[in-house]
Amino acid sequence: MNIPFLGHRRTEHGAPDPAGIAGLLAECELLRSQAGQAGVRLDDTPASLEALDQLPPRWRDDAEMLLRLGNDAGLYLGTVVVRTVPGAAWEIRPDGQPVVLLPSGREVDVVAAGQEWAASGVPELSQLYAEVAGA
């Protein structure tokens, strides 16, 4: 998911606006809508990732929906990680790809992980979170 404008979002001092970027990435409108229709509340917690893993994958028959939902799932995974793992933060690569940077220095491409989850259900979002949170 290339989001070139995110790399240019700046504060008055010329530094990136992490809170603004995190807010934009946390929107995940399509995923939140689909989850809400299925009765799943996305509250930015690891438990909500487990609930997402249980959703029937009705989106897999629609290629456009699959791509968009995969992007949102990855961004949501990243949002949960950033909000619950101390020291984790969003970083925007020079190519515009949002990734999560862990305190260890490890970079996690959550969007790619979300797309894999949307396409096949493997690995589960909750498993990815457990792996990243334990790193």
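**Notebook: a first look at the chain**

I began with contacts, meaning heavy atoms within 4.5 Å. Residues 24 or more positions apart account for 56% of the contacts in the protein chain with a separation of 6 or more.

Ground rules next. I am reading a predicted model, where local features need pLDDT of at least 70 and side-chain atom pairs count only at pLDDT 80 or more, while totals for chains, interfaces and linings use all residues. Residues are numbered from 1 along each chain as its sequence is written, and side-chain values use heavy atoms, with hydrogens and water left out.

**Entry: confidence**

I looked up pLDDT, the predictor's confidence in each residue, from 0 to 100. The protein chain averages 89, and 87% of the residues score at least 70. Over residues 4–14 the value stays under 50, and there the model has 17 contacts beyond four places in sequence.

**Entry: layout**

I counted 6 helices and 3 strands in the protein chain. Both are DSSP runs numbered from the N terminus: helices are H or I with at least four residues, strands are E with at least two. Along the sequence I read the pattern α-α-α-α-β-β-β-α-α.

For burial I used relative accessible area: buried is under 20%, exposed is over 50%, and partly exposed is in between (1.4 Å probe, protein chains only). Of the 135 residues, 41% count as buried.

**Entry: α2 against α4**

How do α2 and α4 cross? The axes of helix α2 (residues 29–37) and helix α4 (residues 63–84) come within 7 Å and cross at roughly 95°. Axes here are lines fitted to C-alpha atoms, for helices over the stretch in contact, and angles run from 0 to 180 degrees between N-to-C directions. The two helices are therefore roughly perpendicular to each other; the cut-offs are under 35 degrees for roughly parallel, over 145 for roughly antiparallel, 65 to 115 for roughly perpendicular, and oblique for the rest.

I found Glu-29, Leu-30, Leu-31, Arg-32 and Gln-34 of α2 meeting Met-65, Arg-68, Leu-69, Asp-72, Ala-73 and Tyr-76 of α4. By class, this contact has 6 nonpolar, 1 polar and 4 charged residues. Nonpolar covers Ala, Val, Leu, Ile, Met, Phe, Trp, Tyr, Cys and Pro, charged covers Asp, Glu, Lys and Arg, and the others, Gly among them, are polar.

Which residues of helix α6 (residues 125–134) are buried? Leu-125, Ser-126, Leu-128, Tyr-129 and Val-132 are. They cover an arc of only 155° around the axis, which puts them on the same side of α6; the arc is that of the directions from the helix axis to the C-beta atoms. These buried residues pack against α3 (46–53), α4, β3 (107–108) and α5 (110–120).

I then checked α3 with α6: they pack at an angle of about 150°, with their axes 7 Å apart. Pro-46, Leu-49, Glu-50, Leu-52 and Asp-53 in α3 meet Leu-125, Ser-126 and Tyr-129 in α6.

**Entry: two loop residues**

Val-40 lies in the loop between α2 and α3 and is buried, with a relative accessible area of 14%. I noted that Val-40 and Ala-51 are 11 residues apart in sequence and 6.6 Å apart in space, C-alpha to C-alpha.

Asp-44 is found in the loop between α2 and α3, and at 14% relative accessibility Asp-44 counts as buried. Leaving out residues up to four places away in sequence, Asp-44 touches Arg-32, Tyr-76, Thr-79, Val-80, Arg-83 and Thr-84.
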